[in-house]
Amino acid sequence: MESNPQPDLDPNKDDLPLRANTNHMLVRHYVLDLAVHFQRKVIGGSIVLFLEPVKSERGFILNTPVQDISKFPSSKNDAKSPIMPCPNKLIHTENPSDLSEGSDINNVTWDDDSDDFTLVLDCCDLVVFRVEEVDVTTVSDLKELDKQGIYANADHPSSSLVRRLFSMPSASWTQQQDLYLQCSRSPAVIHEKPLRFHVDQWSLQIRKERVLSPHAFPCALRIWYETKPTGGSVRWTKDQDGRCCVYTMGSPINNRALFPCQEPPVAMSTWQARVKAPCDYTVLMSGENQAFPEPAETGVLQWDYYVTMPMPASTFTIAVGLWLEAGVKASNSEVEKTKEPHDLMPIVSLDNSQSGPTDQHQRSLISEQRGDEQYVCSHMDYPCRVMVSAARTQTVIPHRVYAPAHHLQRAEDKVLPLLPLCLTAAHLILGVHLFSRLDVLIVPSGFSSLGMASPHIVFLSQSVLTGERNLCGARLCHEIAHSWFGLAIGARDWTEEWISEGFATYLEDVFWTQVQQLGCGEAEEQKQLKALLRWRRLSDELQNSEEELQVLRPNKENTGEVSESGASVVKHALNPGKPFMQVHYVKGYFLLKFLADQVGEENFLLFIKAFVRKFHGRLILSQDFLQMLLNTFSAMSSRGITLETIFSDWLDTPEMPKWLRDASSEWLQTPVVEEVREEVAKWIHFSGSCGKGTKRKRAGPKGNFKELNPEQLVLLLEFLLEEPKLSLSCLRHLHNTYGLQARDAEVRHRWCELVVKHKYTAAYRDVEQFLIHDQAMGVYLYGELMVQEDARQQAVARYCLSIIKDDMDQSARSVVEEMIL
């Protein structure tokens, strides 16, 4: 029997376990039916999993007893004792306690030595009430699909029908999803013993008595469950108007505290979801359709979403709040005008009375695909937009922007005009938008990042709404780039984050210069200046972080490998400081910049577009990209650039590569940087010449200070931070000259660092405002306030934490509390 040698994990510093046995069984589709309860701060209901046994290397479905890896020691944080629920009991989701009524918990034990096959799902902080096998044989429409008996199996009729459901071609996707829904509403199998389950800290384990192999295990399960208010995947908080809301975190544990699932990236699946919420609330979700609410019961509306592109469960996202749509009248009319055939596919209803797709629609979709036979995708079969000619010419996909009332006008003024420009730039560089629509949501102030991308939805921090448009536009470009790298193309090993973040950071600059319509020279100057700022950030991080967290491919030659069952771990994922590190973003970006320097940026961008064309809809490892690049540009090997040298210089070691050290020297000599140096010299001179009580102090700076763009201003403040002493008069005039408090968050962050370093008490209010309203960027500013052991500065840090701690992201709060307490 395979066992787990690891003790219970410390969630503050250890690797993250992925315990789902994906080498034995895969979830192909989820159907969620959930209700949001704001008073109790829980999401509850049911989820139906459609499962498929994994085929062996020879192509046969496993039909032999499997010893699984789920026999872990019980955790001290076990969520629930083993349960055998009462079968076929009427469920009332408003009263979750009904689900376990009648179960004889005390007389049921979980036998770790059982030979029965165990399905292991990733699960954390969930209360599971009941698990039952779904009787799909009651769905007459499903049985109609197999009139010829091709999939008939007298021993396992349900499994045979589910296999037929899996085999439906993508052209019939609406009919397939309707059948999934009908199956999900089917009753539990009668005259069968109930399924046993066991919940520990990281998993939900399910068995059916006397079932020894995945092949004989039920292929459709319904799980009744409820989240916990403190679950790490779900964030219950208040928006900027003080009203309740909830959204998924994208936290290190991903979605396992939202629903039981298979978290390893290889477990790619589709899903449908019905979410019920109070009638005043808007439900946004990662779904291909633009959902419209329908009445469910008194005071409650239901929202239906679906996804037909197989994706890892970690990409599922939901946000429920009193959100308002920016520019709603203009936005709606524009959306109607820009819809194309794929966007006009019927919205799947979670109502069993709904039929499948119309014949006319199927003929339209099939016609589109036949007309584009030269486009052959290498991913699994799904309704891919690459196969639709209209999608390839659609530069701007339908989009909406949502925000709480407090930020609605800013979102309308800043985000809404930029979004179509950024989408157009992305299409120009990478080609067809792989997702059919996009919602952008300004999330609550406790959100600990500037942005987060999920299928069809992007979360943006309120910090991008202030100052010039540069920070907002660049961040939009970054998150849009994730539609290709991070979502449509994902990392097969989560530790290789650079595949997502490095590419998004590199493409962010490419898209943004296109949006600004810069000339070649001006665009190159901007890219060099940004490269210098990132190099300075990387240098600082390499000096002040643990070496093991600086490696982009920590599993090295073992990357992508898993255990016999499919279980694995994500190295360092539970380290609370890791989410705030930038090495995967910045060092990954520099690797791509290095490669572009070898072949020329234009050739490199054409190659990335070709890579997307080949690998979209698939999971990759670093070598997939690098080997294709080296094969395409074979001359690189003659210059000593091989897969092995790239691994050793960039991905497998924490050191600063030589190319990067040399390039940074060149970036320091560019005209835009020299211009900043001249301004720095003026401010240093002014600081040294304004002695206490002099006329110069009263009159202000006499020098003719130039206007600087936002990136130059950031660099100016960073250079001034390197000065051992600046006069308070200099700081005051610096603030007034550039209007620093009205600038973007990147500029204001450096200004706050100057204020703290020089104990400029007149501007402590600026520091307080930054820590309270820019939580996505202010974490390490707390450390700077504490390190000087100045009582007033420490009081500022403690005061700000006391104001916002209840609304902070848990990772940020734990890092800050460690600094302060």
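**Exercise 1. Is Glu263 buried or exposed, and why?**

*Solution.* Glu263 has a relative accessible area of 0%, and therefore it is buried; the term buried applies under 20% relative accessible area and exposed over 50%, with partly exposed in between (1.4 Å probe, protein chains only). The model is predicted: local features need pLDDT of at least 70, side-chain atom pairs count only at pLDDT 80 or more, and totals for chains, interfaces and linings use all residues. Residues are numbered from 1 along each chain as its sequence is written, and side-chain values use heavy atoms, with hydrogens and water left out.

**Exercise 2. Determine where Glu263 is found and what its side chain reaches.**

*Solution.* Step one is the location: Glu263 is found in the loop between β11 (244-248) and β12 (268-278). Strands are DSSP runs of E with at least two residues, helices are runs of H or I with at least four, and both are numbered from the N terminus.

Step two concerns the backbone. The side chain of Glu263 reaches the backbone nitrogen of Asn255 at 2.7 Å, and a polar atom of that side chain lies 2.9 Å from the backbone nitrogen of Arg256.

Step three concerns the surroundings. Leaving aside neighbours within four places in sequence, Glu263 is in contact (heavy atoms within 4.5 Å) with residues including Leu18, Asp122, Ala313 and Trp494.

**Exercise 3. Describe the ring pair of Phe259 and Phe316.**

*Solution.* Rings of Phe, Tyr and Trp (its six-membered ring) pair if their centres lie within 6.5 Å; planes under 30 degrees apart count as stacked, over 60 as edge-to-face and the rest as tilted. By this rule the count comes to 34 aromatic pairs. For Phe259 and Phe316 the centres are 5.3 Å apart and the planes stand at 80°, so the pair is edge-to-face. The pair links distant parts of the chain, 57 residues apart: Phe259 lies in the loop between β11 and β12, and Phe316 in the loop between β15 (300-312) and β16 (318-321). Both Phe259 and Phe316 are buried.

**Exercise 4. State how many residues of helix α2 are buried, and what they pack against.**

*Solution.* Helix α2 (residues 157-166) is mostly covered, as eight of its 10 residues are buried. Among them are Leu161, Val162, Leu165 and Phe166. The buried residues of α2 pack against β2 (25-37), β3 (42-53), α1 (140-144) and α3 (173-184).

Technical notes: Polar contact = N/O pair within 3.5 Å; in protein donor to acceptor, adjacent residues only side chain to side chain.
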